[in-house]
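Morning, everyone. Let me put the model up, and then we'll walk through some charge pairs and a cavity.

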Amino acid sequence: MSEPSRNAEAGPDATRPQTSTRDPEALRAALEPWLSRRTGGSAVGISDVRTPQTNGMSSETLLFDAHWTSPDGRAQFSQCVARLAPASDAMPIFPEYRMRDQFTVMALVGERTAVPVPRTLWYESDPEVLGAEFFVMERVEGLVPPDILPYTFGDNWLFEATDDQRRVLRNTTVAALARIHAIPVTAAEVTFLGDLGADGDTALRAHVEGWRAYNAWAHGAQPIPILEKAFAWLDAHWPAAVDTPVLSWGDARIGNIMYRDFAPAAVLDWEMAGIAPREVDLGWLVFLHRFFQDLAEFFGLPGLPDFLSFGDVAEEYTALTGYRVRDREFYEVYAALRHGIVMARVNQRRVRFGEQEAPAEPDGLVNHAATLEHMLDGTYWSSSENGG
């Protein structure tokens with residue numbers, strides 16, 4: 001097991017980090033007249049305004065119910081989710097949130113594949129309405145593997161499931177990824193995400209360079225040595241051959257999926273979508289489970305050590321698509337590096353809001369700095385628990 005940094009997680013009872021500086025009541029008051037104009041009906045009433053409590057630390061999410069009367073006199077009711085770019089005073093995780101792009105990608109996936117995504121309803125570019133651009137989609141009911149506390153810590157529906165039920169969840173999740181990667185779109189339709197027509201190597205280099213630029217934006221004032229070392233490792237271990245790029249979900253992890261009967265009911269959170277090799281999503285799916293598993297083991301909990309192994313995920317993906325997954329180590333390091341950049345920014349935000357103390361060294365902002373060290377020196381994959 002790779003030991004995470006102690007100061008990056010206070011313990012198994014760590015509280016939810018602050019993700020918003022906005023007042024839900026003020027948001028409700030602003031949404032009602034806006035939605036009245038959008039629906040073309042009578043005055044809209046909005047109730048049950050709340051934010052989810054177990055997932056999400058990037059875009060702000062607002063859940064609400066809307067009631068109105070349509071122009072033809074029929075009563076209308078919709079359970080909605082609004083996604084907002086965070087306020088500038090909330091120390092945003094990303095430099096931009098591309099809400100229109102997220103809205104567009106979700107609509108494309110919903111129209112052209114069997115991948116379940118929430119139905120997109122309205123997009124608003126005017127930041128004057130709620131203080132930032134946002135979009136609204138229909139709410140989907142289902143169960144989400146929790147991030148806070150992590151599902152590997154126990155006392156939740158996924159941890160208490162049977163091995164067969166978790167196998168169903170794994171395989172249906174991989175099937176959703178395979179369908180996303182096969183989505184029939186033209187290069188012109190997704191130019192805002194990257195160059196779908198590029199060769200695989202070019203698309204991968206553009207993807208990595210995008211994350212290098214993000215790292216400079218997030219941590220340029222105080223470079224984080226372990227992240228810089230990981231970028232150098234990627235440059236020195238570039239794959240010999242890279243397959244044709246595909247539409248990449250970008251944040252391909254089970255914590256971004258709502259499940260019913262252990263199959264995806266809604267695939268969420270498209271703010272990291274792009275054009276990339278298939279392995280970018282597959283490496284992220286595997287590493288993000290390993291991150292939560294390492295946290296569980298660090299606190300003396302059994303976790304789910306046999307769940308979502310790279311070997312099982314790759315075997316299922318190949319069975320579904322015929323594509324043989326390559327360069328495991330490169331894509332797992334890349335996933336760990338990307339997650340490190342994001343989590344270091346999250347932890348900087350926690351320090352700003354007084355939720356944790358600043359670490360003595362910059363590497364302490366990366367929860368899994370020790371894991372990255374083991375990856376870079378090659379010992380990570382020699383452990384049987386990370387095999388397969």
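Start in helix α1, residues 24-39, where E32 and R28 both sit, four residues apart, about one turn of the helix. Helices here are DSSP runs of H or I, at least four residues, numbered from the N terminus. What you see is a predicted model, where local features need pLDDT of at least 70, side-chain atom pairs count only at pLDDT 80 or more, and totals for chains, interfaces and linings use all residues. Residues are numbered from 1 along each chain as its sequence is written, and side-chain values use heavy atoms, with hydrogens and water left out.

Back to that pair. E32 and R28 form a salt bridge, with the closest N and O atoms 2.9 Å apart. By salt bridge I mean a side-chain nitrogen of Lys or Arg within 4 Å of a carboxyl oxygen of Asp or Glu. Side chains of opposite charge can pair when their charged atoms come close. E25 joins in too: E25, R28 and E32 are linked in a network of salt bridges.

Is E32 buried or exposed? Buried, at 19% relative accessible area. The cut-offs: buried is under 20%, exposed is over 50%, partly exposed is in between, using a 1.4 Å probe and protein chains only.

Next pair. D312 and R170 meet through their side chains in a salt bridge, 3.4 Å from N to O. This one links distant parts of the chain: D312 is in helix α7 (residues 310-321), R170 is in helix α3 (residues 163-181), and they are 142 residues apart. R170 is buried at 13% relative accessibility. D312 is partly exposed at 28%.

Third pair. The side chains of E373 and K229 form a salt bridge at 3.1 Å, N to O. E373 is in helix α9 (residues 369-376) and K229 in helix α5 (residues 225-236), so this pair ties together parts 144 residues apart in sequence. E373 is partly exposed at 31%, and K229 is partly exposed at 41%.

How many salt bridges are there in the whole structure? The search finds 24.

Now the cavities. On a 1 Å grid over the protein atoms alone, a cavity is a set of points where a 1.4 Å probe fits but cannot get out; lining residues have an atom within 4 Å of a point. Points are joined across faces, edges and corners, and volume is the space filled by probe spheres set on them. That gives two cavities of 30 Å³ or more.

Technical notes:
On a 1 Å grid over the protein atoms alone, a cavity is a set of points where a 1.4 Å probe fits but cannot get out, and a pocket is an open set with protein on both sides within 12 Å along at least five of seven lines; lining residues have an atom within 4 Å of a point. Helices (H or I, at least four residues) and strands (E, at least two) are DSSP runs, numbered from the N terminus.
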